[in-house]
Structure formats: C-alpha cells, structure tokens
Amino acid sequence: MSVTSRRRFAAVALASVAVLAAATACGDSDSSSGSDGGKVTLVVDVFGDQGFGYEELYKQYQSEHPNVTIQERGKGLGLGDYNTRLTQQITAGAGAGDVVALEEGTIVQFFAQADKFVNLADHGANDLKSNFLPWKWEGGLTPDGKVLGLGTDVGGMAVCYRSDLFKAAGLPTDREQVGALWPTWDEFIAQGQKFAAADKKHKFVDSATNFYNIVLMQKAGAGTGYTYFDKSNKLTVGENPDVRSAFELTTKMTAAGLSNNLKSFSNEWNAGFKNGSFATIGCPAWMTGVIKGQAGDAAAGKWDVAKAPGNGGNWGGSWLAVPKSSKHQKEAAELAKFLTSAKSQTEAFKKVGNLPSSPQALEDPAVLAATNEYFSGAPIGKIFAAGAKELKPVYLGPKNQAVRDAVENALRSVEQGKAADAAWQDAVKNGEAAGK
Amino acid sequence: MSSLKTTAPPAAPARGPRPAPRHSPQRGRLLNRLDLRLTPYVFVLPFFVLFAIFGVYPIIYTFWIAMTDRSPLNATISFVGVDNFVELFTNDPQFWNAVVNTFGMFLMSTIPQLLIALLLANALNRRIRGQMFFRLAIAMPIITSTAVVALIFSMIYAREFGLVNWLLDLVGVGPIDWRANRFASWFAISTMVDWRWVGYNALIYLAAMQSISKDMYEAAALDGASRRRQFWSITIPQLRPTIIFTLIISTIGGLQLFTEPLMFTSGSGALSGGSEGQFQTITMYLLDVMNQRFRWGYAGAVALVLFVLIASVSLLNYLLARRISSDK
C-alpha cells in the first residue's frame with residue numbers, strides 16, 4: 001500500500017467520521033416543521049384507526065391561508081403507542097407535531113409537563129370559552145388555570161346493537177323499544193340472559209372490559225366524579241365505591257355467560273365485528289366509526305343505536321394542544337382554534353362520528369338531524385347529544401391508563417375462569433402497583 | 001515527538017523499496033510517521049464514537065437514573081439512592097413473575113430448539129435427494145420478520161378461529177385458550193421462537209459437521225459402528241465448541257425475549273402479557289414500568305437487574321464451556 005493511497009484511506013475515514021458527526025447532529029434540525037420564505041408547514045398528530053376526520057378541514061384552511069401547509073401523522077396508530085411516543089417527544093422537547101391530540105385518559109399526565117406546552121390563553125383562547133361545554137373546557141385547564149388544550153370531541157354514551165340478531169332472538173328491534181328494554185344495567189343483564197337462552201351461537205356483549213368502562217364512566221360521573229385517582233391524585237382504586245360497583249356488575253355479566261371474551265382493540269375483537277359474533281357493544285360516539293371500519297359494508301344496516309342503560313355518561317374525547325417545541329406556535333394555535341371551532345367539529349362529526357364538544361355544534365341542525373345510514377338510519381346526533389350537555393366531568397388521574405390496564409386484566413382473568421373475589425383482590429393489588 | 005523517531009510503531013509492516021520523496025525529506029518522514037501512528041486510530045474511531053454515544057453514555061445514564069425518581073410526571077428529579085432496588089427485590093411480585101416467565105420460556109424453547117437443530121443438521125449432512133433445496137429451506141425462517149412470524153402464529157393459536165384449536169377439535173380435544181393458561185402460552189411462544197431459530201442453529205451445526213474429518217466416520221464404520229453410534233460418539237463430541245456457541249447466543253436472545261410475547265396478544269395493554277402476566281417477560285415489564293407507569297427511575301433499576309441476570313447466566317455458560325473444553 002503506497003503512502004498516497006494510505007492518505008486517501010485516512011481522508012475517507014475522517015470524512016466518514018465527519019458524516020457520522022453530522023448525522024448525530026441532525027437531531028435538532030427538526031423535520032416536523034420548517035419554514036421557507038414565509039411558508040409554514042404545520043404537523044398535526046392524531047391517533048386512532050379512523051383519525052379525526054380533518055382531511056377536508058385541512059384543505060379549507062390551506063386555501064384560506066396560502067402560506068400554510070398541513071401534514072397529518074398518526075392515523076391508524078393506537079392510542080397507547082401514540083401516547084408513548086408523544087410522552088417521549090414532549091419530554092425530549094423535540095419531534096412532536098405543532099398541534100397534538102391529547103386524549104381524555106392521558107391529558108392529565110401532561111399537566112405535570114404544562115411548561116412544555118403553549119398556554120393557549122396567550123393566543124386568545126379564553127375568548128372561546130363559551131364555544132365549549134363547560135366540563136369539556138375545564139378538562140383542558142391545568143390546575144393553575146393554563147389553557148393546555150381545546151376540546152375536540154366528547155364520547156357521549158349509547159349502546160350499539162345488531163338488530164338482525166335481536167330479531168332472531170325474539171327481542172324488539174326498534175331503537176326506542178330497545179332503549180326501553182334496559183332502564184338499568186341489571187335489566188340490561190336480564191335481557192342478555194333472555195338473548196342467550198334464545199341464541200346459543202352469538203354472545204350478547206363483546207367483552208367485559210368495554211362493558212366495564214362504559215359502566216364505570218357513567219357511575220363515576222353520577223357519583224364521586226373520579227375513578228382510580230381522586231382529584232388530589234391519591235390512588236383510590238380499592239376505595240372508590242364506583243370502581244367496586246362497576247367491577248361487580250361486570251363480573252355478574254360475565255358470570256351470566258354474556259361476554260364474548262374479546263380483548264378490546266385486539267385482532268380477535270376486530271374479527272368479532274366481521275364475523276358478527278356478538279349482539280351489543282357499549283357505544284360512545286367514536287365507537288360508531290370503529291364499528292363501521294371493522295364490520296365493513298357487509299354489516300351495513302344490521303347495526304342500530306339505542307339509549308344506554310342508566311343516565312347518560314361520557315367515555316373518551318380529546319383536546320388539541322400546541323407543544324412549545326413547535327417553531328410556529330402562533331400559527332399552530334390558530335390552526336388548533338380553527339379545528340376545534342363549532343363548524344369544524346360539525347364537519348368532523350359528519351366524517352367519523354366524533355361527537356362535538358361545542359354546545360353550538362351540538363345544536364347545529366346538521367348534528368341534531370344527522371342520521372347514520374350504516375346504523376339503519378339511526379338519529380345518532382340526537383341520541384348522543386342527549387345528556388352530553390348536562391354531564392359532570394369525570395377526573396382521570398395521571399396514571400389512569402396503567403391502573404385501568406391492571407383492572408381490565410383482572411376482569412379478563414374472570415372471563416378466563418378466575419373467581420370474581422380473587423380477581424378483585426388482583427385488581428386492587430396490581431392497580432396499586434401500577435399507580436405507584 | 002522525540003519518541004516517535006526512536007520507537008518504531010509496532011504495527012508497521014515490512015515494506016519494499018519506495019520512491020524517495022522529492023521535497024523536504026525531513027517533513028515527509030514526519031508526516032509519514034504521524035500517518036502511521038494515527039491512521040489506525042482514525043480507522044477505529046467511528047466505532048468508538050458510536051459506541052460512546054449509543055453504548056457508554058446510556059449505560060452510565062442508566063446507573064444514574066436508577067437512583068432517582070425521574071418521571072415525566074415529576075417536575076423535579078430527586079435522588080432516592082437504592083430505594084428502587086430495595087423495592088424491586090422486596091416488594092415487586094410482578095417483576096419476579098416476569099423473571100420466572102423469561103427463564104421458563106427460555107428453557108422451554110432453547111432445549112428443543114438445539115436438539116431439533118442438531119438432528120436436522122445431521123439429516124442434512126447425509127447424501128439425500130434435493131440436498132440443496134432442503135438446506136436452503138431450513139434457512140428461510142431467518143429472513144422473515146419476527147413481527148410477521150408472531151402475527152401469523154398468534155392467528156394459528158387464536159382461541160376462536162385458530163388452526164391449532166381446529167386440529168385439536170378434529171381429534172376430539174376441547175379448544176385451549178392459549179393466552180389464559182400459563183404453560184399453554186409458554187408453549188405457543190416457544191414454538192414461535194423455535195420455528196424461527198431452529199434453521200439458523202441447524203445451519204451452524206451443519207457447517208461444523210462438514211468440517212469433521214470423514215476419516216473418523218470411515219474408521220468407525222469399519223469397526224462396525226452404527227449411524228446412531230457414529231452420531232453420538234463422533235459428531236456430538238466434535239461439535240462441542242459449536243454447541244456452546246449456540247447455547248450462549250440462545251441465552252442472550254432468550255433472556256431478552258420481547259417481540260414474540262408482545263405480539264402474541266394485540267390490542268390495549270399488550271405489555272402486560274396476558275390477564276395475569278402469564279407470559280410477561282422482563283423486557284416487557286421494563287417497558288410497562290417505563291411507558292405506562294412513567295417510572296423511569298424504577299425502569300432503570302429493572303434494566304440494571306436484567307443486565308446482572310444476563311451477565312451471570314453468561315458467566316455460568318462460560319464456566320460450563322471451560323469445563324467441557326478442558327474435558328477433552
């Protein structure tokens with residue numbers, strides 16, 4: 001090897017080191033947002049199989065603001081994965097979108113990092129207070145009163161059911177009559193037993209966990225106003241009577257053999273929709289989009305929506321927030337305000353069925369008169385909007401998801417044959433470990 | 001720099017005559033020597049730079065974070081000393097459940113895996129029809145992605161419409177809920193691991209078998225040794241170093257088992273590995289603590305204990321290896 005070629009090798013080696021160094025330095029040239037001569041690119045982070053139904057709204061916003069280009073990420077991403085990624089991005093202070101969606105169960109977790117988010121009050125959000133249901137507005141405020149997020153949708157609560165299976169089992173199929181079948185959850189279970197006696201092939205409910213969540217949110221809304229953590233973030237999984245009674249009602253339902261034992265959002269659960277293996281599912285407004293997406297066209301017209309047992313309730317719903325890592329905070333805040341306006345919420349409702357959190361949108365004829373062809377023409381706007389306004393908020397603690405997983409696991413172990421009492425012990429023990 | 005002139009670099013190779021430098025011979029020689037001295041370091045630098053960033057720094061940081069209560073939920077980080085480790089060892093049944101699961105699945109998958117690989121390699125080492133096809137075929141699973149393997153197997157082991165339960169039904173056995181029963185889930189996950197890795201190990205054994213001298217087999221055959229006898233008395237002893245290598249590789253892989261059990265369930269809460277943690281491994285628990293419970297400090301402690309576990313099992317392997325090789 002001659003000296004010159006040796007030198008060349010050294011040069012190549014040095015160059016490769018330089019490239020590596022440059023590659024590692026690339027971390028701070030944020031790909032999520034860049035501006036180019038007045039042009040602004042805003043990245044919106046959402047989650048869920050159906051996304052948030054904003055596609056048309058982006059087009060409208062871009063045509064009204066020619067300097068803005070909007071990119072959306074996250075459609076198809078599950079909430080758990082989305083939240084893990086977002087937590088890391090927020091903690092690292094880089095990589096998050098300019099506008100990010102925060103879900104009901106996870107927004108409290110970000111209160112502790114409120115200094116990493118733009119206080120939307122600085123961008124005139126306080127003037128918009130009346131655009132949101134009071135409890136939804138408060139849900140987006142940090143304990144010291146900063147506006148962390150603006151409400152997108154609320155869950156509302158209903159029961160979706162397969163009218164063809166109801167008919168075959170000799171139950172009424174009309175949604176008014178079906179709603180009248182179950183004034184209480186105990187009645188719901190009794191009807192389920194009737195269904196089970198007539199139909200051995202299908203199960204009445206998809207899973208214990210979905211049933212449990214919808215019951216818990218309703219009971220907590222009417223009772224303590226919190227679930228696994230009280231409002232001072234003290235762990236109350238073992239003490240909260242609402243958790244206990246929702247758990248017991250669920251194990252009673254499981255013991256009656258009504259559950260199809262399908263883990264929520266799993267492949268088996270998705271297959272359950274396609275195969276039509278269960279007759280009812282606890283149904284917040286966003287669930288209608290899930291059903292339509294999973295059951296597909298083959299089941300169009302077989303599903304219907306009826307009032308849920310008990311008195312209303314809420315499960316789910318999100319807020320839009322602007323992380324401080326955004327390079328265009330002002331533009332991002334404007335976009336968040338636009339996407340959460342009453343008109344935009346109505347648009348999103350039409351697209352994916354997410355129930356508006358704005359009282360104006362809830363009274364919008366387009367929402368009130370909305371029917372869903374897929375759900376046999378059910379007046380979903382009316383069904384879900386009923387009671388949404390009077391709801392009391394349910395406080396979910398910062399580690400809500402972890403404790404919820406532990407309690408859901410205990411409920412699943414009952415489906416797999418464990419005794420209900422032992423499972424409750426597990427729920428408390430593992431819930432306390434998870435919420436530590 | 002004076003030492004440069006007196007001590008020759010040890011790595012300097014003997015070189016033939018080269019054209020004399022035309023300008024300033026002194027300077028040229030100095031540059032040349034510098035070049036000889038520095039170039040090797042420049043060559044190895046990229047690795048060490050990357051290793052420092054992605055290896056050393058995270059390790060040191062893990063030690064630090066394990067002694068804090070760091071969490072995205074805490075505004076400040078406070079030093080808690082060995083509290084995390086005390087909790088881990090005295091008051092965390094879920095962690096020890098994960099340890100049992102990890103070792104259980106490791107034994108349940110590795111032992112059959114290596115045995116089958118050995119028998120497969122032995123079969124492929126003979127003259128058979130379509131030798132090349134079969135040798136390629138056993139290597140196929142290695143190039144498939146773990147996620148795809150896990151996805152397909154979780155369908156095969158599905159409770160409602162799974163292939164295995166359908167076959168069991170054909171022979172009159174009731175369906176098994178593969179995710180509810182601890183040993184059933186271990187078995188299912190072990191078959192995933194084995195499907196993917198048997199071929200890999202078989203290839204390694206096959207390569208080693210082909211380097212065994214044919215003379216030994218011929219001599220044994222002349223002495224009247226059966227094929228079986230040849231396998232146990234010639235092939236296996238000759239393969240010892242290879243077997244130890246595969247054992248160590250399987251140990252490291254087995255103790256870090258993650259994708260297969262994670263993908264075995266889908267939907268929310270997959271990290272909990274079954275309703276009662278039937279198949280939650282240590283790495284799954286680690287992520288559960290970090291991403292669901294937001295206890296980053298505690299997760300650091302879990303990571304360090306996992307490190308110690310792997311190191312001690314590897315040490316055990318090493319001692320075993322040394323003993324076997326000194327037996328020879």
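Me: How far apart do the end C-alpha atoms of residues 133-158 of chain B lie?
Reply: This is a predicted model, and the span in question is one that the unreviewed UniProt entry lists under "transmembrane region" for chain B. Residues 133-158 of chain B are 69% helix and 0% strand. The distance between the end C-alpha atoms of this span is 32 Å.

Me: Which helix gives the largest share of the side of chain A that touches chain B?
Reply: The contact involves 38 residues of chain A and 33 residues of chain B. On the side of chain A, at least two residues each come from α1 (3-25), α3 (79-92), α11 (267-275), α18 (400-415) and α19 (420-434). By class, this side of chain A has 14 nonpolar, 15 polar and nine charged residues. The largest share, ten residues, comes from α1(A).

Me: How many residues of domain 2 of chain A are in contact with domain 1 of chain A?
Reply: Chain A is assigned domain 1 (35-154 + 317-368) and domain 2 (158-315 + 380-434). Their C-alpha centres lie 28 Å apart. Domain 1 brings 24 residues to the contact, and the number from domain 2 is 23.

Me: Which element gives the most residues to the side of domain 1 of chain A that touches domain 2 of chain A?
Reply: Two or more residues of this side come from each of α4 (107-111), α5 (134-139), β5 (150-154), α15 (359-363) and α16 (365-368) of chain A. The residues of this side of domain 1 comprise eleven nonpolar, nine polar and four charged. With three residues, the element that gives the most is α5(A).

Me: Which residue in β9(A) stands opposite A:Val159?
Reply: Strand β6 (residues 158-162) of chain A pairs with β9(A) in the antiparallel sense over five bridges. Five of the five residues of strand β9 (residues 303-307) are buried, so this strand is largely enclosed by the rest of the structure. Opposite A:Val159 stands A:Ala306.

Me: Is A:Val352 buried or exposed?
Reply: A:Val352 lies in helix α14 (residues 342-352) of chain A. Beyond four places in sequence, A:Val352 touches A:Gln50, A:Phe52, A:Gly53 and A:Gly289. A residue needs 20 or more other C-beta atoms within 10 Å to be classed as buried. Because A:Val352 has 21 C-beta neighbours inside 10 Å, A:Val352 counts as buried.

Me: How far apart in space are A:Val352 and A:Gly293, C-alpha to C-alpha?
Reply: In sequence, A:Val352 and A:Gly293 are 59 residues apart. In space, their C-alpha to C-alpha distance is 9.8 Å.

How values were computed: Residues are numbered from 1 along each chain as its sequence is written. Chains are lettered from A and ligands numbered from 1 in the order in which they are written. This is a predicted model: local features need pLDDT of at least 70, side-chain atom pairs count only at pLDDT 80 or more; totals for chains, interfaces and linings use all residues. Two residues are in contact if their C-beta atoms, placed from the backbone, lie within 7 Å. Helices (H or I, at least four residues) and strands (E, at least two) are DSSP runs, numbered from the N terminus. Ala, Val, Leu, Ile, Met, Phe, Trp, Tyr, Cys and Pro count as nonpolar, Asp, Glu, Lys and Arg as charged, and the others, Gly among them, as polar. Domain bounds come from an automatic or database domain assignment. A residue is buried if 20 or more other C-beta atoms lie within 10 Å of its own, exposed if 12 or fewer, and partly exposed in between; C-beta atoms are placed from the backbone. Two strands pair if DSSP finds at least two bridges between them. UniProt positions are given in the numbering used here, feature names are shortened, and annotations may be inferred rather than shown by experiment.
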